[in-house]
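Please read the points below alongside the model.

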Amino acid sequence: MERRKFIRSAALGTAAGAVLTGCGSQSGDAPAVQTDTPMLRWRLASSFARSLDTIYRAAEVMSERVSQLTNGRFTIRVYPAGEMVPAFEVLESVQKGTVQMGHSAGYYYIGKNLAFVFETTVPFGLNARQFNSWVYEGGGLEILRELFADYGVLNYPGGNTGAQMGGWFNREINSLLDLRGLSMRIPGLGGRVMDRLGVTVQQIPGGEIYPALERGAIDAAEWVGPYDDEKLGFNQVANYYYYPGWWEPGANLSFFVNQQAMQELPSSYQAALEVAMAEANQYMLAKYDALNPPAFQRILESNIELRVFPKDVMDAAYSASEELLQEGRTDPGFAQVHDSFLAWRRDSDDWIHTAEYALFSYMHERTQARGRLRHSECPKNQVREKDQEDQTYDLNSYKRDDSPID
Ligand code: CA
């Protein structure tokens with residue numbers, strides 16, 4: 001509070017003197033640049049590795065724009081995961097004020113509050129456009145803000161990956177039974193669903209997945225999609241690339257800003273920061289949509305086997321996801337966000353599925369007819385004899401008594 005007063009009065013004091021650079025210009029047409037604003041240096045902790053020029057880069061895009069919009073007077077230094085703060089401790093660091101802001105994902109922190117998962121994505125949830133419409137225009141941001149207010153943090157959309165792939169597997173998944181005992185890196189609610197399907201779930205930051213897959217510490221891993229996955233080298237250490245990434249139909253990354261630090265900013269800096277964060281949000285999705293298609297083509301042309309998840313896996317995952325979301329509703333805060341999310345998804349799905357899905361599913365059939373895609377889907381007749389014997393298998397049999405992953 002005191003600091004806020006100080007900054008405001010300092011700004012007013014300087015404004016009285018109306019110090020403008022460029023005023024001495026003889027021609028009088030030089031740009032008038034206000035200097036009645038403080039020089040500020042912020043630090044941003046990212047949950048991501050510097051090598052990821054999609055996710056990590058979005059924070060730099062934001063930082064560069066803030067500096068530009070404030071004539072270099074408000075700068076934000078971006079620190080990659082682990083350099084200042086461990087990948088999964090960004091929220092705590094912003095809360096404590098160790099850094100003024102972070103770039104992370106809400107679902108890394110569902111151990112604190114399960115409802116944080118809605119801030120990133122939930123299985124079978126919203127795609128990127130639906131998410132942005134919900135948070136920017138559908139009251140989603142306000143409702144999510146109430147959750148983060150308990151931590152003294154303001155959350156902002158900070159880039160979306162678009163629909164993700166289902167990840168890299170070192171063994172074939174021909175039925176639900178093949179998931180049992182599999183060790184997989186997968187975060188968020190998707191991880192909890194996989195846990196119920198019998199998978200041993202591991203939380204591993206993006207930069208550490210490759211060595212874990214390579215040395216066999218895990219059998220499978222998911223990250224984002226073709227561009228990042230190829231960059232991280234997963235195609236060198238796993239043979240089967242599964243889709244769809246039903247747990248992340250459009251993962252939103254987040255900027256977390258310390259509430260007090262935000263309040264202490266001059267209003268022009270607050271506006272610059274918000275504009276730059278919104279630009280970064282758009283940048284990341286456009287970047288992924290530009291880089292994933294050529295990377296996907298390279299994967300199609302390689303020896304990697306592209307596989308679709310079997311229907312019994314999809315059905316069990318859907319059931320387990322719905323169950324987990326229902327269980328979360330014992331927390332009134334969770335139920336409030338869930339209600340808002342459900343209402344938005346229902347109407348948005350009706351509209352998007354009618355207007356777009358019908359067109360694009362037709363286009364997809366035409367594309368396949370031209371032989372451009374080489375999917376090695378799990379054919380129905382490929383179901384193993386063992387599974388055929390297991391005709392009494394029902395979807396509820398995935399249930400286990402193990403405690404939650406965290
Ligand atoms: Ca992912």
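1. A residue is buried under 20% relative accessible area, exposed over 50% and partly exposed in between (1.4 Å probe, protein chains only). Phenylalanine 360 counts as exposed because its relative accessibility is 52%. Phenylalanine 360 lies in helix H12, residues 332-369; helices are DSSP runs of H or I with at least four residues, strands are runs of E with at least two, and numbering starts at the N terminus.

2. This is a predicted model, in which local features need pLDDT of at least 70 and side-chain atom pairs pLDDT 80 or more, while totals for chains, interfaces and linings use all residues. Residues are numbered from 1 along each chain, and side-chain values use heavy atoms, without hydrogens or water.

3. The protein has 13 helices and 13 strands. Of its 406 residues, 50% are buried.

4. Rings of Phe, Tyr and Trp (its six-membered ring) pair with centres within 6.5 Å; planes under 30 degrees apart are stacked, over 60 edge-to-face, the rest tilted. The count is 23 aromatic pairs. Tryptophan 134 and phenylalanine 341 are edge-to-face, because their ring centres are 6.3 Å apart and their planes stand at 75 degrees. This pair joins helix H4 (residues 128-137) to helix H12 across 207 residues. Tryptophan 134 is buried at 0% relative accessibility, and phenylalanine 341 is buried at 2%.

5. A cluster linked by ring pairs includes Phe48, Tyr108, Trp223 and Phe256.

6. The charged end of arginine 145 sits over the ring of tyrosine 156, 4.4 Å from the ring centre; the rule asks for NZ of Lys or CZ of Arg within 6 Å of the centre and within 35 degrees of the ring normal.
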